[in-house]
Amino acid sequence: MSNEEKIIKYFTKNYNKIGDDCAYISQTKQLISSDTLVENKHFDLNYFTPKNIAHRLFIANYSDIQSSGGKPKYVLFNVSFPNKNFNLVNQIIKDFRGYCLRYGVEIIGGDTTASDKIFLSLTIISDVINKNEIIKRSQAKINDKIYTFSGIGYSKLGYMNIYKNLKLPKNISALSKKQFLSPKIYTYYDLFKKHKLNSCMDVSDSLLSTLRSISSQSNKKIVLTDLLNINKKLNVFLKNDQLYNSLILSSGEEFVPVFTSPLNLLKLNNKKSFKTRGIKLTCIGRIEKGKGVHLKNSNLNKIKIFDHFKNNYSVL
C-alpha cells in the first residue's frame with residue numbers, strides 16, 4: 001500500500017463522506033472535490049507553458065465532478081508562489097479564467113500566499129444534484145460491462161517521450177506530447193444522465209489503479225477481456241501485447257471516465273451527441289463475483305503505476 005493510499009484509508013475509515021471522486025453535501029445537494037498541483041511534481045516549467053498548467057489544473061477537477069454524475073459549477077482557486085514567478089503565475093490565472101469561461105464554471109474565491117515554489121489548489125463544486133443521481137465507485141454490479149473512452153495511453157507515452165527522448169513516428173510523437181501536456185477535455189455529464197450507469201471513476205493515477213478502486217469499493221472482481229480497442233494505433237505501433245497492456249494500464253492523467261453498466265452502450269458511438277464531442281466508447285471487460293483485477297496471462301502486480309512518493313512512472 002502506497003503512502004497516498006494509507007492516508008486515504010485513514011480518512012475513509014473515520015469519515016463517511018470520503019471515498020469517491022467527490023464528497024456529497026446533502027444540505028445543499030452539491031458535489032465537492034479538491035485537487036493540488038505542485039511544481040516539479042505535476043508540472044515542469046522547462047516544458048509546461050502557463051496555459052498547459054492552467055489546463056491541467058482545470059481538467060483534474062472538472063473530471064472529478066463529471067465522473068460522479070455532476071455538472072461542474074463553481075471553483076475556489078488557491079495559489080502559492082515565489083515573487084520571482086509573479087508574471088508566470090499571473091498568466092496561469094488568466095488562462096485558467098479562460099477555461100472557466102469556456103466551460104461555464106464560476107470562480108467564487110480562493111487564497112494567495114508566498115512559497116518557495118508554485119503550488120496550485122482548486123476546490124470545485126457542482127450544480128445541484130439529487131443524491132440518487134450520483135454515480136459512485138462502489139456500486140458496480142455482477143454482469144455489468146466495463147467501459148471507458150478510447151485513446152488511453154498517449155499521456156504516459158508523452159511523458160516518456162519528453163523525458164526519455166523516445167524515437168517515435170511523427171504523428172504518435174505529436175499526439176503523445178499533446179495529451180501529456182494538455183489532456184483532452186471531454187464534457188459528458190449530461191450524456192451520462194441519460195443512461196443507466198452503476199459505477200464510475202475517472203483515470204488520474206492510472207487505468208489499473210482506477211479499476212482496482214472500483215473492484216475494492218464494490219467488492220467485485222474485474223475481468224479484463226479487451227484492451228486492444230482502447231488504442232489500436234498504439235497497439236499496431238508497439239507490436240508487443242505485453243508492452244502495450246502495460247502502457248495502457250499504467251498511463252495516468254488521462255482524465256477520462258471508467259464506468260460500468262448492464263447495458264450495451266457501444267451503440268452510442270453512432271449517436272451525434274457522442275461523435276460531435278469526440279467520444280468513442282470501448283468495452284474492456286466485465287464484473288464478476290470475487291475480488292481484484294484480472295487479465296488472462298498477465299501479472300498485473302508487475303505493472304508500475306504512478307505513485308506521488310516514488311519516481312517509477314517512466315518504467316513499463
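Start by selecting strand β6, residues 145-149, together with strand β10, residues 281-288: five bridges join the two, and they run antiparallel. Strands, like helices, are DSSP runs numbered from the N terminus (strands are E, at least two residues; helices are H or I, at least four). Two strands count as paired if DSSP finds at least two bridges between them. Within this pair, Tyr147 stands opposite Cys283 in β10.

The model is predicted: local features need pLDDT of at least 70 and side-chain atom pairs count only at pLDDT 80 or more, while totals for chains, interfaces and linings use all residues. Residues are numbered from 1 along each chain as its sequence is written, and side-chain values use heavy atoms, with hydrogens and water left out.

Now select β9, residues 257-261. Is this strand enclosed or open? Five of its five residues are buried, so β9 is largely enclosed by the rest of the structure. Buried means under 20% relative accessible area, with exposed over 50% and partly exposed in between (1.4 Å probe, protein chains only). Pro257, Phe259 and Ser261 lie on one side of β9, Val258 and Thr260 on the other, and both faces are covered.

Keep Thr260 selected and look at the strands that pair with β9. Four bridges join β6 to β9 in an antiparallel run, and Ile146 has Thr260 as its bridge partner. Strand β7, residues 199-202, also pairs with β9 in the antiparallel sense, over four bridges; here Thr260 is the bridge partner of Ser199.

Move to helix α5, residues 170-181. At 1.5 Å a residue, its twelve residues should span 16 Å, and its end C-alpha atoms are 17 Å apart, which agrees. The expected span is 1.5 Å times one less than the number of residues. Ile172, Ser173, Ser176, Gln179, Phe180 and Leu181 of α5 are buried, and what covers the buried residues includes α2 (50-67), α4 (154-164) and α8 (232-238).

The axes of α4 and α5 come within 7 Å and cross at roughly 105°. That makes α4 roughly perpendicular to α5 (65 to 115 degrees; under 35 is roughly parallel, over 145 roughly antiparallel and the rest oblique). Among the α4 residues that meet α5 are Tyr154, Leu157 and Tyr163.

Finish with strand β3, residues 72-81. Eight bridges join β3 to strand β5, residues 119-126, and these run antiparallel; Tyr74 stands opposite Ile125 in β5. With strand β4, residues 106-114, β3 pairs in the parallel sense over eight bridges, and Leu76 stands opposite Gly109 in β4.

Technical notes: Contact means heavy atoms within 4.5 Å. Axes are lines fitted to C-alpha atoms, for helices over the stretch in contact, and angles run from 0 to 180 degrees between N-to-C directions.
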